[in-house]
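These are my notebook entries on one structure, written as I looked things up.

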Amino acid sequence: MAQPDNKKFFENLTGAGKAIAVLTSGGDAQGMNAAVRAVVRMGIYVGAKVYFIHEGYQGMVDGGDNIKEATWESVSSMLQVGGTVIGSARCKEFRTHEGRLKAAHNLVQRGITNLCVIGGDGSLTGANLFREEWSGLLAELVQQGLIEEDAVQRYSALHIVGMVGSIDNDFCGTDMTIGTDSALHRIIEVVDAIMTTAQSHQRTFVLEVMGRHCGYLALVSALACGADWVLIPEMPPEDGWEEKMCEKLSANRAGMKRLNIIIVAEGAIDRNNKPITTEHVKDLVVRHLGFDTRVTILGHVQRGGTPSAFDRILASRMGVEAVLALLETTANTAACVVSLCGNQAVRLPLMECVQMTQEVQKAMDEKKFEEAVRLRGRSFENNLRTYKLLAHRKPESELPQSNFNVAVLNVGAPAAGMNAAVRSAVRVGISEGHKMFAINDGFEGFYKGQIREIKWGDVGGWTGQGGSLLGTKRTLPAKHVDKIAEQMRKYNINALLVIGGFEAVECLLQLYDARATCEEFCIPMCMLPATISNNVPGTDLSIGADTALNAIVETCDRIKQSASGTKRRVFIIETMGGYCGYLASVGGLAAGADAAYIYEEPFDIRDLQSNVEHLTEKMKTSIQRGLVLRNENSNENYTTDFIYQLYSEEGRGVFDCRKNVLGHMQQGGAPSPFDRNFGTKISAKAMQWISKKLKESYRQGRVFANTEDSACLLGMRRRALVFQPVVQLKEETDFVHRIPKEQWWLKLRPLMKILAKYKTSYDVSDSGQLEHVVCNRTKESDTSSAI
């Protein structure tokens, strides 16, 4: 099939004759193995030789068996493994000129001039120094007679691409580093477990999380669990914080809360740069309040365990991007680092990122804490702003008096993270001076009058709860417009926040149309996407989809492990999603699937036959277990049973088959840290938008808003959170199959196929282009809200 002219495909970027080496350095992080796997397989795919450098820079200096050529099979079964299987070590020798000379000799002997370094700022800084010294090192090797003069010409330039592997998320220029999301999973698992025992005994728990120089883990875990107090190095508490903290804990207990959670980053300091320890915090609480208080230090638990779905996808995307960046380098190309900005991979000059990271520490040392927060980036700033907004209630006397009533409701199927969004909306609304109303059971409850005022304390502890505590139904409002309008008059509802999936889009469109006959609907209305299917138009991501992905990936890991030690086996797994193939495709990428069948990419019997033959060939030569995902509505004839029977028959004598329908387990469970954080932040942004619209549309003693931009969906588009009028989303929506007409994640499907050893075309026209950190920072800061 001819490729469209406006697209750029990587087939013309050949790696033939190139040698790429990959190493992991510094502290380990979950997801590093996924990045190594992606680099190796993409490198081999484009025709390059790929080498492992074991034990980081120490292995590069020592050479020998530490530098080995990688094969396709050598990275099998490592996607789900935590840490780094090629080892990591801190190397004092590489910091010396002699050590780097040995390393250069070892690389030149193997013809390696392309390095992919996965590590923190120290590892990447070392790589850049090595690159700058490269020509001088080669000249020295010639003088010493260790290499021939023609080798200097052949290997004249060393190319470096970095990926940041650090659980602390302490590297400027990227929204998320590899390992951060998995570390948050470990923290939240512990916090959720601790909350049950704390509740039983009315205890206060002080938790120390990692982050010697960066408070990201502490801040986001505090946001994700609704902690009472958080202490981070970038923004030390004001003088007199001890009394304020105790007052807050006491007030929460007086409000019938049976527990308190305080989260402390290991590098937490006060305004005089003195450390604040967990023991100090515990002593304060015991001395001032007499509460039963316990300390828990999480330590290296945060580094361990399997990587989350987010980290596997992030690392796989970054690994492929790193290889593409190396293929495109010239002798004058500066070392770059592959980063994540919003939902897009970008390339940034390595040393610009390192310098900005060092500037953060400098600002903290000089007690310029506001500057330190700003330098951390928009994601960090936004997290801090949202936490302050939700955790600290202003006295009634300080609240603005808006006299507006805002109602919030859930629509459609339940999705993990809905409750975090409701909590955020209620608390931000109250902070803005509004009276907040909760509507139970969606629009069905609305027309039946199941409406009540909801207070600040009513939503305490909601963040970590799965499902929908308000109750949710699929009922659409069109048939009940008059009754709903009557309830809106009765409670004087001035604005509406709808949290839900595809049904919520349909509901908002129906309410917009009802404005022609009912003035009650001429009010600001905002919708937040919340569905595990991620099939809402106008947004790249939906609340709940990350939790469902993690459920799929964890189950796939267990299913594959069940065949460990047995004969060769292929598993056929059915996922939810309606007609949207997001869960099957992205879940397949995260779980290392061999194929994923979806409605958006039609397939026939020839494709199925080709997949079976491809898998049979792989089974004969290398892998022991195969994984095939199928979206529930991918094809009405090629059902899960049909595919299972086809694979069983065609694979007879080579492998046997098992099938598994995951069902509603994808919809249940506690929300992931990502979904808690995403739901909390977009809900806060939506309420601020509603407040703005209420002020703009308030005239002559009433609210009247009937323009298109007063009924919006708030969604993430590439790098930014954008308010889009729902009426304008009609044209980009397939209402029959309940999916958007264009979906960004379809570009990830070739990536899954490449990593599964299929020959395919990969569109790189949207791949990361080299940008500058400072420009990127200021350009995005006001418009975007990263996860």
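Predicted model: local features only at pLDDT ≥ 70, side-chain atom pairs only at ≥ 80, totals over all residues.

Entry 1, terms and source. I call a residue buried when its relative accessible area is under 20%, exposed when it is over 50%, and partly exposed in between, using a 1.4 Å probe and protein chains only. I number residues from 1 along each chain as its sequence is written, and side-chain values use heavy atoms, with hydrogens and water left out. Helices (H or I, at least four residues) and strands (E, at least two) are DSSP runs, numbered from the N terminus.

Most residues other than glycine have a negative phi. I looked up D441, which sits in the loop between β13 (435–439) and α15 (442–448), and found its phi to be near 60 degrees, a positive value in a residue other than glycine. D441 is partly exposed, because its relative accessible area is 24%. I then turned to K367, in the loop between α11 (350–365) and α12 (369–376), where phi is positive at about 65 degrees although the residue is not a glycine. With a relative accessible area of 42%, K367 is also partly exposed.

E238 belongs to the loop between β7 (229–231) and α8 (241–254), and I list it as partly exposed because its relative accessible area is 48%. Between E238 and D270 I find 32 residues of separation in sequence and 7.8 Å in space, C-alpha to C-alpha. G578 is in the loop between β18 (569–575) and α19, and its 21% relative accessibility makes it partly exposed. For contacts I take heavy atoms within 4.5 Å; leaving aside neighbours within four places in sequence, G578 is in contact with S533, N631, E632 and N633. From G578 to R212 there are 366 residues in sequence and 45 Å in space, C-alpha to C-alpha.

What is the place of N106? I find it in helix α3 (residues 97–109), and it counts as buried because its relative accessibility is 9%. Not counting residues up to four places away in sequence, N106 touches M60, V61, D62, G63 and I67. The buried residues of α3 are G99, R100, L101, A103, A104, H105, N106, L107 and V108, and what covers them includes β2 (49–53), α2 (56–62), β3 (67–69), β4 (114–119), α4 (121–143) and α5 (149–154). As a check on length, I take the expected span of a helix as 1.5 Å times one less than its number of residues. The 13 residues of α3 should therefore span 18 Å, and its end C-alpha atoms are 19 Å apart, which agrees. Just after α3, G111 takes a positive phi of about 75 degrees.

A420 lies in helix α14 (residues 418–431) and is buried, because its relative accessible area is 0%. Its contacts, leaving aside neighbours within four places in sequence, are W462, T463, R676 and T680.

I define a nonpolar core as a set of buried Ala, Val, Leu, Ile, Met, Phe, Trp, Tyr and Cys residues joined through side-chain atoms within 4.5 Å. The largest has 192 residues, of which M163, L496 and L497 touch the most other members. Helix α10 (residues 309–328) gives the most to this core, with 13 residues. Apart from it lies another core of 41 residues, including Y51, L101, L158 and V346.
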